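Let's read a structure together, one feature at a time.

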Amino acid sequence: VRTENMTLNEKCRMLETQLSEVTRTSFEKVTQLQTHLDAKSELLEQQEASAKAREKVAETQIQKFIADLRVAQGEVNDLAARENTKNEEQVTKIIKLSSDLKATSQHLMDVLQEVD
């Protein structure tokens, strides 16, 4: 009985040692996994913050581009208005010159008739 007890005691100690080793390695693995997950989580947060920053920069650039387009459109509209005004002035001058030419032509015809 004593030999059996020792053998059982030895087996118990051996199982306790194995259980302790399994517990220790399991705890180490859980700790490693937690560290890995923490690092992944931090990296993901950094990537998200970076993406938000890039999005904000892009939004600012788009807003500036739109503002620049509006300024350019205003300049184009001003230029078109000035060109239209110039064209209207030239049309008015041409009409006046045409009228003057018609009057001069009539005057010359009248003079020619008087000479005849």
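This is a predicted model: local features need pLDDT of at least 70, side-chain atom pairs count only at pLDDT 80 or more; totals for chains, interfaces and linings use all residues.

Q: Where do Lys52 and Glu48 lie?
A: Helices (H or I, at least four residues) and strands (E, at least two) are DSSP runs, numbered from the N terminus. Both Lys52 and Glu48 belong to helix α1, four residues apart, which is about one turn of the helix. The protein has one helix and zero strands.

Q: Are Lys52 and Glu48 exposed or partly exposed?
A: Relative accessible area is sorted into buried (under 20%), exposed (over 50%) and partly exposed in between, using a 1.4 Å probe and protein chains only. Lys52 is exposed at 53%, whereas Glu48 is partly exposed at 44%. Across the 116 residues of the protein, 0% count as buried.

Q: How many salt bridges does a search of the whole structure find?
A: The search finds six. Among them is the one between the side chains of Arg24 and Glu28, at 2.5 Å from N to O. These two residues also sit in helix α1, four residues apart. Arg24 is partly exposed, with 39% relative accessible area, and Glu28 is partly exposed too, at 36%.

Q: What about Asp100 and Lys96?
A: Their side chains meet in a salt bridge with an N to O distance of 3.1 Å. Asp100 and Lys96 are again four residues apart in helix α1, about one turn. Asp100 is partly exposed at 34%, while Lys96 is exposed at 51%. Elsewhere, salt bridges that share partners join Glu21, Arg24 and Glu28 into one network.

Q: Which residues form the nonpolar patch on the surface?
A: Patches are made of residues with over 30% relative accessible area and no salt bridge; like charges are joined within 9 Å, and nonpolar side chains (Val, Leu, Ile, Met, Phe, Trp, Tyr) within 5 Å. In this model Ile62, Phe65, Ile66 and Leu69 form such a patch, with about 390 Å² of accessible area together. Accessible areas come from the Shrake-Rupley method with a 1.4 Å probe; for residues, only the protein chains shown count as cover. Phe65 lies in helix α1, which covers residues 2-115, and is exposed at 52% relative accessible area.

Q: What is the radius of gyration of the protein, and how do I read it?
A: It is taken over C-alpha atoms, and the globule rule is 2.2 Å times the number of residues to the power 0.38. A compact globule of 116 residues would come out near 13 Å, but this protein has 49 Å. The C-alpha trace spans about 165 × 20 × 10 Å along its principal axes.

Methods. Residues are numbered from 1 along each chain as its sequence is written. Side-chain values use heavy atoms; hydrogens and water are left out. A salt bridge is a side-chain nitrogen of Lys or Arg within 4 Å of a carboxyl oxygen of Asp or Glu.
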